Amino acid sequence: MPRYDAFLLVSFGGPEGPGDVIPFLENVTRGRGVPRERLEQVAEHYYRFGGVSPINQQNRDLLAAIEKDFAAGGIDLPLYWGNRNWDPTLADAVAQLAADGRRHAIAFVTSAYSSYSGCRQYLEDIERARAEVARAGASPPVIDKLRPYFNRWPMPSGRPPLP
């Protein structure tokens with residue numbers, strides 16, 4: 001089993017205020033030719049909730065729970081977090097891993113299912129972030145992504161996962 005020196009939480013990201021909404025949606029749809037009018041229509045859904053997506057707070061809560069569980073289990077791994085589409089970005093997280101001298105991280109992606117955008121695209125995002133760090137002259141860590149978990153971990157009901 002590889003020896004890891006860091007844990008990386010990888011997620012989608014989301015706006016944290018009204019001023020973030022359109023730039024966030026532009027990140028999400030970059031290169032797809034989505035008309036500005038459509039972005040403004042989708043933005044209205046975020047504005048109804050103050051321009052805030054719950055995902056970043058959910059990730060903060062998840063990191064706090066992981067930190068607590070790691071401590072209880074005697075696991076001494078520093079935690080990092082990077083998003084595909086908003087701050088903190090995956091590129092910034094990988095740059096921080098490199099700056100901290102981390103060499104081999106284990107990555108947990110919050111998307112539970114196997115699909116292009118829920119699995120393979122995150123692998124591509126990780127490699128893109130590593131390449132960006134390397135272009136900047138640093139040595140990026142190796143990052144191993146955990147398998148999707150939709151049917152691998154016990155469910156809250158206590159029933160075993162599906163085969």
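**View 1. Pro23 sits in helix α1.** This is a predicted model, and here we zoom in on one proline of that helix. Pro23 is partly exposed, with a relative accessible area of 32%.

**View 2. Helices α1 and α2 cross at roughly 130°.** Here α1 covers residues 18-29 and α2 covers residues 36-47, and their axes come within 10 Å. That angle makes α1 oblique to α2. The crossing itself is right-handed. On the α1 side, the contact is made by Pro18, Val21, Ile22, Phe24, Leu25, Glu26 and Thr29, while α2 brings in Arg36, Leu39, Glu40, Val42, Ala43, Tyr46 and Tyr47. Sorted by class, that gives 10 nonpolar, 1 polar and 3 charged residues.

**View 3. Four strands form an open sheet with parallel pairing.** Read across, the order is β2-β1-β3-β4. The edges belong to β2 (79-83) and β4 (142-145); each has a single partner strand, so one side of each has no neighbour in the sheet. Neighbouring strands are turned by 30° against each other on average, ignoring direction.

**View 4. Strands β1 and β3 pair in the parallel sense.** Residues 6-11 (β1) and 104-109 (β3) are joined over 5 bridges. Look for Phe7, whose bridge partner in β3 is Ile106.

Technical notes: Residues numbered from 1 in each chain as written. Predicted model: local features only at pLDDT ≥ 70, side-chain atom pairs only at ≥ 80, totals over all residues. Heavy atoms only, no water. Axes fitted to C-alpha atoms, helices over the stretch in contact; angles between N-to-C directions. Helix = DSSP H or I, 4+ residues; strand = E, 2+ residues; numbered from the N terminus. Parallel < 35°, antiparallel > 145°, perpendicular 65-115°, else oblique. Left-handed = near helix turned anticlockwise from the far one by under 90°. Contact = heavy atoms within 4.5 Å. Nonpolar A, V, L, I, M, F, W, Y, C, P; charged D, E, K, R; others polar. Buried < 20%, exposed > 50% of the residue type's maximum accessible area, 1.4 Å probe, protein only. Pairing = 2+ DSSP bridges.
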